[in-house]
Each structure stands twice: as structure tokens, then as C-alpha cells.
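Take a look at the structure below. We will walk through it step by step, from the whole chain down to single residues.

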Amino acid sequence: MREDLQTRVWEAVKKLNYRPNVAARFMKGQTTNTIGMLVPDVSHPFFSAMIAGAILKAQEIEHVIIISTADGKREIEKAAIDSLARTVVDGLIYCPVSTGDPLPEIESFKDLPIVVVGRRNVFESKPHVYTDNVKGGYLATRYLLRLGRKRVGFLAGFWSTPCTVDNIREVASSKEAGKYTTLDRYTGYRRALDEEGIEYDPSLVVLCGYSYEAGYEAARELLERMIEVDSVIAANDLVAAGVIAFFTDQGVNVPDQISVVGYDNNLIAPITIPTLTSVDQDPRTLGSESVVALSKILSGKKVSDTIIDVKLTIRNSTSVMHH
């Protein structure tokens with residue numbers, strides 16, 4: 001009889017294609033070697049490169065990554081967090097959508113190991129892996145000043161704006177700044193101007209989004225202000241492409257009349273016309289280092305913040321100022 005029952009159970013198991021319940025295993029305190037990763041936007045080249053770096057590193061250490069996206073919206077992010085918490089991940093790599101509301105102190109996260117990637121100073125007690133954005137803004141500005149450019153426009157990119165042009169300085173030096181990469185770049189921009197003794201002019205700052213259209217419109221706004229401008233630092237390469245397009249449509253020569261610097265040095269930087277000088281912030285390393293940090297936490301080690309260096313890649317969208 002016993003054998004008979006066993007056979008019947010196995011037949012049923014095969015028929016139902018039964019998988020052992022992951023959650024039940026988890027309750028016994030076992031790990032699953034699965035980590036979650038939540039990013040604001042999977043389609044953007046910066047985040048897709050970050051994901052690629054994370055996946056490759058995870059494969060190396062024999063972990064599986066579940067990727068989830070907030071699609072740039074806080075309410076989708078909240079839902080994604082809840083569903084990730086319901087799956088059985090050992091830990092989470094979290095790149096928050098930068099919006100004004102405080103980050104969710106989510107119940108299901110209380111005991112979950114978390115590494116924050118791409119932002120700094122988001123959760124007090126969690127390690128962060130982020131790019132040196134202050135240096136990024138500084139390098140871009142300093143290079144343009146070196147070329148003899150004196151009127152440097154700064155396009156401040158946000159998913160949703162935490163500030164206005166009038167109070168951006170205060171917000172950039174507040175505790176909130178780490179949640180917005182743009183504010184750190186702004187701080188670097190101000191630092192480079194100060195070093196060269198060039199007075200900061202708020203009329204050179206435009207708040208914009210992160211798309212090609214946003215760049216096109218921001219360049220229009222800059223010219224409509226009827227101020228003198230000889231160079232522009234864009235929020236990212238897509239925005240820079242929009243800026244170049246608008247200037248070109250207006251018969252303004254890039255790089256001679258107005259030089260343009262992008263940010264990310266992604267796929268489009270070498271193919272814009274002219275090709276784009278851009279700050280490279282190495283998103284693949286951001287992704288792989290966040291996996292390294294999380295696996296250290298999971299093996300019980302103490303982990304502090306990791307800062308990834310940036311460098312400037314010079315192409316044809318910038319040139320020496322001819323007077």
C-alpha cells in the first residue's frame with residue numbers, strides 16, 4: 001500500500017509540475033540567492049547599463065536578479081516595492097525615483113538588506129553606491145571655462161522638481177540634495193564658477209526634464225530670455241541632443257557660438273552632430289558595485305558607501321571661444 005501511495009503522489013506531482021514553495025523554504029530561514037533590483041526607468045540607457053553591470057556581477061557570484069521598474073512614477077514604485085517584498089528576495093538594490101515626497105518607510109523593508117544605488121544620503125542606515133556628481137558638474141563647468149566660455153548655461157534635470165531657480169542654491173546645500181543627482185552637479189557647477197571668480201547668474205539656470213524634447217524646450221527658454229550664453233551643460237545626453245537640435249534649427253553654430261556638454265556619455269554621445277562632449281559616470285560599475293555591496297551585507301560584513309569616479313570624454317560639441 002505504501003509504495004502504491006508514493007507512486008500516486010509522484011504521478012500527481014509530475015502532472016501538476018509541482019515546484020517546492022519558495023516562501024515555505026524561506027520561513028525555515030534559508031536564503032534563495034535571489035536579489036531584487038528596482039530602478040526608476042529601464043528604457044533609459046543609463047539605467048539599462050546599470051542593470052547590465054548588476055546582472056553580470058550577480059551571475060558571477062551565482063545570484064539571480066529580479067528587475068523591477070517604477071517607470072518614473074512614485075505610485076508605480078510603491079506597488080513594485082510591495083510586489084518585490086512578496087517575492088522572496090534576500091535583499092534589494094534600490095535606485096529611488098527622485099520625487100519630493102519622503103521615501104516610503106515601508107513595513108516589508110524593515111528587515112530586508114538594502115543597498116541604495118545612484119543616490120546618496122537617502123536612508124540613514126543603509127549603504128549607498130553612487131557617482132561623484134559634484135565632481136561631474138565641476139569637470140563639465142571647468143572644461144567650458146578653460147575653453148574661454150564665460151556664460152555657462154546649466155540645465156537642471158528632474159523627474160519632479162524639488163525647487164525653483166530662486167531657491168535651488170538652498171536646496172542644493174540641504175540634506176535633501178543627495179536624492180537628486182542634479183543638485184550635486186549644480187554644486188560642482190557653482191564651485192567651478194567660484195574658483196574662476198565668475199559671478200553666478202541664476203538667469204543661466206533652466207529646470208527641465210530628462211528627454212530630448214525637454215532639452216529642445218530648455219534651449220528655447222534660454223534664448224528667449226535674451227541673455228548672453230556661450231555654452232550649456234545639459235542634464236543628460238538626450239537633453240544635450242535636444243539642445244543641439246534647437247540651436248541648429250535657429251542657425252546657431254555648435255560648438256563655435258555655443259558649446260554643449262552632455263552627461264552620461266551613453267550610446268548617443270558619439271552619434272549626435274556634432275558628436276557630444278560628455279561626462280562619463282560608468283553606470284555598469286555602479287550596477288556591479290551595488291551587487292558586491294549587497295552580497296557583502298548578506299554574508300554579514302559591514303559595508304560603507306562606495307563612490308564611483310567620473311571623467312570627461314571630449315568630442316566635437318565643445319570648442320575654444322573665439323572673440
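This is a predicted model: local features need pLDDT of at least 70, side-chain atom pairs count only at pLDDT 80 or more; totals for chains, interfaces and linings use all residues.

The chain has ten helices and twelve strands. Its C-alpha trace spans about 100 × 35 × 30 Å along the principal axes. There are 323 residues in the chain, and 50% of them are buried. Now think about contacts. Of those with a separation of 6 or more, 71% join residues 24 or more positions apart.

Next, find two helices, α5 (residues 133-146) and α7 (residues 181-195). Their axes come within 6 Å and cross at roughly 40°. That angle makes α5 oblique to α7. The crossing is right-handed. Which residues of α5 meet α7? Among them are Asn133, Val134, Gly137 and Tyr138. On the α7 side, the residues include Thr181, Asp184, Arg185 and Tyr189.

A second pair is α8 (residues 212-224) and α9 (residues 237-249). Here the axes are 6 Å apart, and the helices pack at an angle of about 50°. So α8 is oblique to α9. This crossing, too, is right-handed. From α8, the residues that take part include Tyr212, Gly215 and Leu223. From α9, they include Leu238, Phe246 and Phe247. How do the residues of the contact of α8 with α9 divide? Eleven are nonpolar, two polar and two charged.

Now zoom in on arginine 119. It lies in the loop between β4 (114-117) and β5 (128-131). Is arginine 119 buried or exposed? Its relative accessible area is 6%, so it counts as buried. Its side chain has backbone oxygens around it. The backbone oxygen of proline 96 lies 3.0 Å from a polar atom of the arginine 119 side chain. The backbone oxygen of lysine 179 lies 3.4 Å from a polar atom of that side chain. Tyrosine 180 is 61 residues from arginine 119 in sequence. In space, their C-alpha atoms are 7.0 Å apart.

The serine 259 side chain reaches the backbone nitrogen of serine 319 at 3.0 Å. Set aside its neighbours within four places in sequence. Serine 259 then contacts residues including Leu144, Arg149, Asp230 and Thr318.

Finally, turn to the backbone. Most residues other than glycine have a negative phi, and most peptide bonds are trans. Where does this chain depart from that? The peptide bond from valine 254 to proline 255 is cis, with omega near 15°. Proline 255 is in the loop between α9 and β9. The bond from isoleucine 273 to proline 274 is cis as well, with omega near -10°. Proline 274 is in the loop between β9 and β10 (277-280).

Asparagine 265 is in the loop between β9 and β10. Its phi is positive, near 50°, and it is not a glycine. With a relative accessible area of 16%, asparagine 265 is buried. Aspartate 282 also has a positive phi, about 50°. It lies in the loop between β10 and α10 (283-298). Its relative accessible area is 30%, so aspartate 282 is partly exposed.

Key
Residues are numbered from 1 along each chain as its sequence is written. Side-chain values use heavy atoms; hydrogens and water are left out. Helices (H or I, at least four residues) and strands (E, at least two) are DSSP runs, numbered from the N terminus. Buried means under 20% relative accessible area, exposed over 50%, partly exposed in between (1.4 Å probe, protein chains only). A polar contact is a pair of N or O atoms within 3.5 Å; within protein, one must be able to donate a hydrogen and the other to accept it, and residues adjacent in sequence count only if both atoms are side-chain atoms. Axes are lines fitted to C-alpha atoms, for helices over the stretch in contact, and angles run from 0 to 180 degrees between N-to-C directions. Angles under 35 degrees count as roughly parallel, over 145 as roughly antiparallel, 65 to 115 as roughly perpendicular and the rest as oblique. A crossing is left-handed if the near helix is turned anticlockwise from the far one by less than a right angle, and right-handed if clockwise. Contact means heavy atoms within 4.5 Å. Ala, Val, Leu, Ile, Met, Phe, Trp, Tyr, Cys and Pro count as nonpolar, Asp, Glu, Lys and Arg as charged, and the others, Gly among them, as polar.
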